[in-house]
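User: Can you walk me through this one? I'd like the fold first, then the packing.

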Amino acid sequence: MPSADNRIDSRDWGLLGLLSVLWGGSFFFNSVILRELPPLTLVLLRVVLGTVLLLPLLRAAKIEWPRGVSGWAPFVAMGLFNNVLPFSLIVFGQTYIPSGLASILNATTPLFAVIVMAAAGEERLQARRVAGVVVGLIGVAILHGDALGFESRQGIGILLCLAGAFSYGIAALVGRRLPQRVPPLGTATFQMIASAAMMAPVAGVVERPWLLPMPHPTTWLAVLGLAALSTTLAYIVFFQILQRSGATNVMLVTLLIPVTAMLLGTLVLGEPVAPREVIGALVIASALLLIDGRVLGWFSRAPASTPHSSP
(Lines give C-alpha, C1' and ligand atoms only; values in the text may rest on other atoms or scores of the structure.)
Protein backbone atom coordinates (compact mmCIF):
# COMPACT_ATOMS: atom_id res chain seq x y z
CA MET A 1 0.00 0.00 0.00
CA PRO A 2 1.19 3.58 -0.64
CA SER A 3 2.78 5.28 2.34
CA ALA A 4 0.68 7.72 4.34
CA ASP A 5 3.10 10.61 3.81
CA ASN A 6 3.31 10.05 0.03
CA ARG A 7 7.07 9.54 0.17
CA ILE A 8 9.10 7.20 -2.00
CA ASP A 9 11.65 4.97 -0.31
CA SER A 10 15.09 4.18 -1.72
CA ARG A 11 13.92 0.91 -3.25
CA ASP A 12 11.18 2.59 -5.27
CA TRP A 13 13.54 5.36 -6.40
CA GLY A 14 15.75 2.60 -7.79
CA LEU A 15 12.74 0.99 -9.48
CA LEU A 16 11.75 4.38 -10.96
CA GLY A 17 15.25 4.73 -12.43
CA LEU A 18 15.04 1.24 -13.94
CA LEU A 19 11.56 1.93 -15.31
CA SER A 20 12.75 5.16 -16.96
CA VAL A 21 15.42 3.22 -18.85
CA LEU A 22 12.96 0.50 -19.90
CA TRP A 23 10.28 2.92 -21.10
CA GLY A 24 12.78 5.39 -22.54
CA GLY A 25 14.06 2.54 -24.68
CA SER A 26 10.57 1.99 -26.12
CA PHE A 27 10.82 5.23 -28.14
CA PHE A 28 14.14 4.02 -29.58
CA PHE A 29 12.71 0.58 -30.43
CA ASN A 30 9.65 2.20 -32.04
CA SER A 31 11.83 4.30 -34.33
CA VAL A 32 13.74 1.23 -35.51
CA ILE A 33 10.62 -0.89 -36.05
CA LEU A 34 8.67 1.83 -37.88
CA ARG A 35 11.23 1.74 -40.69
CA GLU A 36 9.72 -1.57 -41.84
CA LEU A 37 6.41 -2.16 -40.05
CA PRO A 38 3.24 -0.02 -39.87
CA PRO A 39 2.14 1.42 -36.49
CA LEU A 40 -0.78 -0.84 -35.56
CA THR A 41 1.19 -3.99 -36.42
CA LEU A 42 3.98 -2.73 -34.17
CA VAL A 43 1.56 -2.27 -31.28
CA LEU A 44 -0.02 -5.68 -31.92
CA LEU A 45 3.37 -7.42 -31.80
CA ARG A 46 4.27 -5.53 -28.63
CA VAL A 47 1.18 -6.57 -26.66
CA VAL A 48 0.97 -10.12 -28.02
CA LEU A 49 4.64 -10.96 -27.39
CA GLY A 50 4.45 -9.18 -24.03
CA THR A 51 1.50 -11.40 -23.11
CA VAL A 52 3.29 -14.56 -24.25
CA LEU A 53 6.29 -13.69 -22.08
CA LEU A 54 4.14 -12.92 -19.02
CA LEU A 55 1.92 -16.04 -19.09
CA PRO A 56 4.60 -18.55 -17.92
CA LEU A 57 5.48 -16.21 -15.03
CA LEU A 58 1.81 -15.97 -14.09
CA ARG A 59 1.47 -19.75 -14.08
CA ALA A 60 4.64 -20.22 -12.03
CA ALA A 61 3.35 -17.73 -9.45
CA LYS A 62 -0.02 -19.58 -9.32
CA ILE A 63 -1.99 -16.34 -9.46
CA GLU A 64 -5.75 -16.74 -9.73
CA TRP A 65 -7.39 -15.46 -12.93
CA PRO A 66 -10.26 -12.93 -12.92
CA ARG A 67 -13.76 -14.40 -13.11
CA GLY A 68 -16.64 -13.14 -15.19
CA VAL A 69 -17.26 -9.76 -16.79
CA SER A 70 -16.96 -7.87 -13.51
CA GLY A 71 -13.62 -9.52 -12.78
CA TRP A 72 -12.12 -8.63 -16.17
CA ALA A 73 -13.67 -5.13 -16.53
CA PRO A 74 -10.97 -3.16 -14.64
CA PHE A 75 -8.19 -4.89 -16.59
CA VAL A 76 -9.94 -4.22 -19.92
CA ALA A 77 -10.19 -0.54 -18.97
CA MET A 78 -6.52 -0.50 -17.94
CA GLY A 79 -5.50 -2.22 -21.15
CA LEU A 80 -7.44 0.28 -23.25
CA PHE A 81 -6.13 3.47 -21.62
CA ASN A 82 -2.68 2.24 -20.59
CA ASN A 83 -1.76 0.25 -23.72
CA VAL A 84 -4.02 0.22 -26.75
CA LEU A 85 -4.75 3.96 -27.07
CA PRO A 86 -1.44 5.49 -25.90
CA PHE A 87 0.77 2.93 -27.68
CA SER A 88 -1.11 3.49 -30.96
CA LEU A 89 -1.26 7.29 -30.67
CA ILE A 90 2.41 7.69 -29.73
CA VAL A 91 3.63 5.29 -32.42
CA PHE A 92 1.59 7.15 -35.04
CA GLY A 93 3.04 10.37 -33.64
CA GLN A 94 6.56 9.00 -34.08
CA THR A 95 5.94 8.72 -37.82
CA TYR A 96 5.93 12.55 -37.81
CA ILE A 97 8.40 13.53 -35.06
CA PRO A 98 11.70 12.16 -33.62
CA SER A 99 11.73 9.75 -30.69
CA GLY A 100 13.33 12.32 -28.36
CA LEU A 101 10.54 14.86 -28.91
CA ALA A 102 7.91 12.14 -28.49
CA SER A 103 9.42 11.18 -25.14
CA ILE A 104 9.35 14.82 -23.97
CA LEU A 105 5.67 15.08 -24.85
CA ASN A 106 5.07 11.84 -22.96
CA ALA A 107 6.42 13.69 -19.90
CA THR A 108 3.20 15.76 -19.86
CA THR A 109 1.36 12.68 -18.51
CA PRO A 110 1.31 13.96 -14.88
CA LEU A 111 -0.20 17.24 -16.11
CA PHE A 112 -3.12 15.36 -17.60
CA ALA A 113 -3.30 13.05 -14.56
CA VAL A 114 -3.82 16.11 -12.34
CA ILE A 115 -6.72 17.29 -14.52
CA VAL A 116 -8.31 13.83 -14.73
CA MET A 117 -8.02 13.22 -10.97
CA ALA A 118 -9.59 16.61 -10.21
CA ALA A 119 -12.42 16.09 -12.71
CA ALA A 120 -13.16 12.67 -11.18
CA GLY A 121 -13.17 14.13 -7.66
CA GLU A 122 -10.20 11.98 -6.62
CA GLU A 123 -7.91 14.92 -5.77
CA ARG A 124 -8.53 18.57 -4.94
CA LEU A 125 -7.26 20.93 -7.65
CA GLN A 126 -4.86 23.06 -5.59
CA ALA A 127 -3.45 26.39 -6.77
CA ARG A 128 0.01 24.82 -6.96
CA ARG A 129 -1.28 22.12 -9.29
CA VAL A 130 -3.14 24.62 -11.48
CA ALA A 131 0.08 26.63 -11.79
CA GLY A 132 1.94 23.45 -12.70
CA VAL A 133 -0.53 22.64 -15.48
CA VAL A 134 -0.20 26.18 -16.88
CA VAL A 135 3.61 26.00 -16.82
CA GLY A 136 3.44 22.59 -18.47
CA LEU A 137 1.28 23.92 -21.30
CA ILE A 138 3.81 26.71 -21.80
CA GLY A 139 6.50 24.04 -22.13
CA VAL A 140 4.44 22.21 -24.74
CA ALA A 141 3.94 25.49 -26.63
CA ILE A 142 7.73 25.98 -26.66
CA LEU A 143 8.16 22.47 -28.06
CA HIS A 144 5.54 23.19 -30.70
CA GLY A 145 7.65 26.07 -32.01
CA ASP A 146 6.73 27.22 -35.48
CA ALA A 147 4.41 24.29 -36.15
CA LEU A 148 1.22 26.22 -35.46
CA GLY A 149 -1.29 24.43 -37.64
CA PHE A 150 -2.59 21.03 -38.66
CA GLU A 151 -0.85 21.47 -41.99
CA SER A 152 2.46 20.92 -40.22
CA ARG A 153 3.54 17.29 -39.99
CA GLN A 154 5.29 18.02 -36.71
CA GLY A 155 2.11 19.63 -35.37
CA ILE A 156 0.15 16.45 -36.11
CA GLY A 157 2.79 14.33 -34.39
CA ILE A 158 2.74 16.56 -31.32
CA LEU A 159 -1.06 16.38 -31.04
CA LEU A 160 -1.01 12.58 -31.36
CA CYS A 161 1.61 12.22 -28.62
CA LEU A 162 -0.28 14.62 -26.34
CA ALA A 163 -3.41 12.55 -26.87
CA GLY A 164 -1.41 9.47 -25.84
CA ALA A 165 -0.24 11.28 -22.69
CA PHE A 166 -3.87 12.20 -21.90
CA SER A 167 -4.79 8.52 -22.19
CA TYR A 168 -2.05 7.68 -19.69
CA GLY A 169 -3.58 10.31 -17.39
CA ILE A 170 -6.88 8.44 -17.51
CA ALA A 171 -4.99 5.19 -16.87
CA ALA A 172 -3.65 6.70 -13.63
CA LEU A 173 -7.25 7.08 -12.46
CA VAL A 174 -8.14 3.55 -13.57
CA GLY A 175 -5.03 2.24 -11.78
CA ARG A 176 -6.33 3.57 -8.46
CA ARG A 177 -9.42 1.41 -8.83
CA LEU A 178 -7.70 -1.87 -9.70
CA PRO A 179 -8.27 -4.72 -7.22
CA GLN A 180 -5.62 -4.40 -4.49
CA ARG A 181 -5.67 -8.13 -3.83
CA VAL A 182 -4.16 -8.89 -7.27
CA PRO A 183 -0.33 -9.02 -7.25
CA PRO A 184 1.59 -6.70 -9.64
CA LEU A 185 2.47 -9.62 -11.93
CA GLY A 186 -1.21 -10.55 -12.24
CA THR A 187 -2.27 -6.97 -12.98
CA ALA A 188 0.44 -6.62 -15.64
CA THR A 189 -0.55 -9.89 -17.32
CA PHE A 190 -4.32 -9.43 -17.26
CA GLN A 191 -4.20 -5.91 -18.74
CA MET A 192 -1.83 -7.19 -21.45
CA ILE A 193 -4.19 -10.07 -22.32
CA ALA A 194 -7.04 -7.58 -22.66
CA SER A 195 -4.85 -5.30 -24.81
CA ALA A 196 -3.91 -8.13 -27.17
CA ALA A 197 -7.57 -9.11 -27.55
CA MET A 198 -8.46 -5.52 -28.51
CA MET A 199 -5.50 -4.90 -30.85
CA ALA A 200 -5.75 -8.13 -32.87
CA PRO A 201 -8.97 -7.30 -34.77
CA VAL A 202 -8.03 -3.63 -35.23
CA ALA A 203 -4.58 -4.32 -36.71
CA GLY A 204 -5.96 -7.26 -38.70
CA VAL A 205 -8.67 -5.20 -40.41
CA VAL A 206 -6.64 -2.02 -40.98
CA GLU A 207 -3.16 -3.29 -41.88
CA ARG A 208 -3.50 -7.05 -42.55
CA PRO A 209 -0.04 -7.82 -41.14
CA TRP A 210 0.08 -11.34 -42.63
CA LEU A 211 0.47 -9.75 -46.07
CA LEU A 212 3.48 -7.60 -45.11
CA PRO A 213 7.00 -8.56 -46.28
CA MET A 214 9.23 -10.28 -43.73
CA PRO A 215 11.17 -7.64 -41.74
CA HIS A 216 14.95 -7.53 -41.40
CA PRO A 217 16.49 -9.39 -38.39
CA THR A 218 17.39 -6.01 -36.85
CA THR A 219 13.70 -5.13 -36.78
CA TRP A 220 12.85 -8.40 -35.08
CA LEU A 221 15.51 -7.73 -32.44
CA ALA A 222 13.92 -4.33 -31.80
CA VAL A 223 10.48 -6.00 -31.55
CA LEU A 224 11.86 -8.48 -29.03
CA GLY A 225 13.47 -5.67 -27.01
CA LEU A 226 10.23 -3.68 -27.09
CA ALA A 227 8.17 -6.66 -25.91
CA ALA A 228 10.56 -8.18 -23.37
CA LEU A 229 12.19 -5.10 -21.85
CA SER A 230 9.93 -2.09 -22.51
CA THR A 231 6.69 -4.01 -21.98
CA THR A 232 6.94 -7.25 -19.98
CA LEU A 233 9.66 -6.25 -17.51
CA ALA A 234 8.57 -2.59 -17.47
CA TYR A 235 5.00 -3.40 -16.45
CA ILE A 236 6.10 -5.75 -13.69
CA VAL A 237 8.18 -2.87 -12.30
CA PHE A 238 5.41 -0.30 -12.96
CA PHE A 239 2.70 -2.15 -11.06
CA GLN A 240 5.14 -2.91 -8.25
CA ILE A 241 5.70 0.86 -7.77
CA LEU A 242 1.99 1.61 -8.27
CA GLN A 243 1.03 -0.78 -5.49
CA ARG A 244 3.79 0.37 -3.12
CA SER A 245 3.89 4.15 -3.70
CA GLY A 246 0.67 5.09 -5.52
CA ALA A 247 -0.34 6.50 -8.90
CA THR A 248 0.99 10.03 -8.35
CA ASN A 249 4.48 8.84 -7.44
CA VAL A 250 4.82 6.31 -10.24
CA MET A 251 4.03 9.00 -12.83
CA LEU A 252 7.23 10.82 -11.79
CA VAL A 253 9.06 8.34 -14.03
CA THR A 254 8.08 10.53 -16.99
CA LEU A 255 10.58 13.12 -15.72
CA LEU A 256 13.40 10.66 -16.35
CA ILE A 257 12.25 8.98 -19.57
CA PRO A 258 13.11 11.85 -22.00
CA VAL A 259 16.76 11.75 -20.96
CA THR A 260 17.09 8.07 -21.90
CA ALA A 261 15.03 8.38 -25.08
CA MET A 262 16.85 11.49 -26.33
CA LEU A 263 20.28 9.96 -25.67
CA LEU A 264 19.38 6.77 -27.55
CA GLY A 265 17.78 8.72 -30.40
CA THR A 266 20.79 11.02 -30.77
CA LEU A 267 23.65 8.55 -30.24
CA VAL A 268 22.21 5.53 -32.09
CA LEU A 269 19.70 6.93 -34.60
CA GLY A 270 21.41 10.27 -35.23
CA GLU A 271 18.26 12.28 -34.45
CA PRO A 272 18.97 16.00 -33.90
CA VAL A 273 18.04 17.76 -30.66
CA ALA A 274 17.09 21.40 -31.12
CA PRO A 275 17.76 23.97 -28.35
CA ARG A 276 14.02 24.72 -28.33
CA GLU A 277 13.34 21.07 -27.38
CA VAL A 278 15.81 21.22 -24.49
CA ILE A 279 14.20 24.44 -23.19
CA GLY A 280 10.71 22.97 -23.56
CA ALA A 281 11.78 19.84 -21.69
CA LEU A 282 13.18 21.92 -18.81
CA VAL A 283 9.97 23.95 -18.57
CA ILE A 284 7.88 20.75 -18.48
CA ALA A 285 10.20 19.31 -15.82
CA SER A 286 9.69 22.47 -13.74
CA ALA A 287 5.92 22.06 -14.10
CA LEU A 288 6.09 18.48 -12.87
CA LEU A 289 8.18 19.44 -9.86
CA LEU A 290 5.65 22.19 -9.08
CA ILE A 291 2.76 19.72 -9.30
CA ASP A 292 4.55 17.16 -7.15
CA GLY A 293 5.17 19.84 -4.49
CA ARG A 294 7.87 18.06 -2.53
CA VAL A 295 10.60 20.46 -3.62
CA LEU A 296 8.53 23.38 -2.32
CA GLY A 297 7.95 21.44 0.87
CA TRP A 298 11.69 20.98 1.36
CA PHE A 299 12.22 24.76 1.12
CA SER A 300 9.33 25.51 3.47
CA ARG A 301 10.68 23.08 6.08
CA ALA A 302 14.27 24.35 5.83
CA PRO A 303 15.29 26.23 9.02
CA ALA A 304 15.85 29.95 8.68
CA SER A 305 19.17 29.65 10.45
CA THR A 306 21.35 26.83 11.67
CA PRO A 307 21.60 26.80 15.48
CA HIS A 308 25.04 26.74 17.01
CA SER A 309 25.90 23.34 18.44
CA SER A 310 28.25 22.88 21.37
CA PRO A 311 31.06 20.39 21.11
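This is a predicted model: local features need pLDDT of at least 70, side-chain atom pairs count only at pLDDT 80 or more; totals for chains, interfaces and linings use all residues.

User: How many helices and strands does the chain have?

Analyst: The count is 13 helices and 0 strands. Along the sequence the pattern is α-α-α-α-α-α-α-α-α-α-α-α-α.

User: And what share of the contacts join residues at least 24 apart?

Analyst: That share is 89%, taken among contacts between residues at least 6 apart in sequence.

User: Switching to surface. What's the accessible area of the chain?

Analyst: About 14800 Å². Carbon and sulfur atoms hold 69% of that surface. Of the 311 residues, 51% are buried.

User: Which residues have the most contacts inside the largest nonpolar core?

Analyst: Ile 33, Met 199, Tyr 235, Phe 238 and Phe 239. That core has 66 residues.

User: Take Phe 239. What does it touch, skipping residues up to four places away in sequence?

Analyst: Phe 239 contacts Met 78, Asn 82, Leu 178, Pro 184, Thr 187, Ala 188 and Gln 191.

User: Back to α4. How many of its residues are buried?

Analyst: 8 of 8, across residues 99–106.

User: Which ones are they, by name?

Analyst: Ser 99, Gly 100, Leu 101, Ala 102, Ser 103, Ile 104, Leu 105 and Asn 106 are the buried residues of α4.

Note on methods: Residues are numbered from 1 along each chain as its sequence is written. Side-chain values use heavy atoms; hydrogens and water are left out. Buried means under 20% relative accessible area, exposed over 50%, partly exposed in between (1.4 Å probe, protein chains only). Helices (H or I, at least four residues) and strands (E, at least two) are DSSP runs, numbered from the N terminus. Contact means heavy atoms within 4.5 Å. Accessible areas come from the Shrake-Rupley method with a 1.4 Å probe; for residues, only the protein chains shown count as cover. A nonpolar core is a set of buried Ala, Val, Leu, Ile, Met, Phe, Trp, Tyr and Cys residues joined through side-chain atoms within 4.5 Å.
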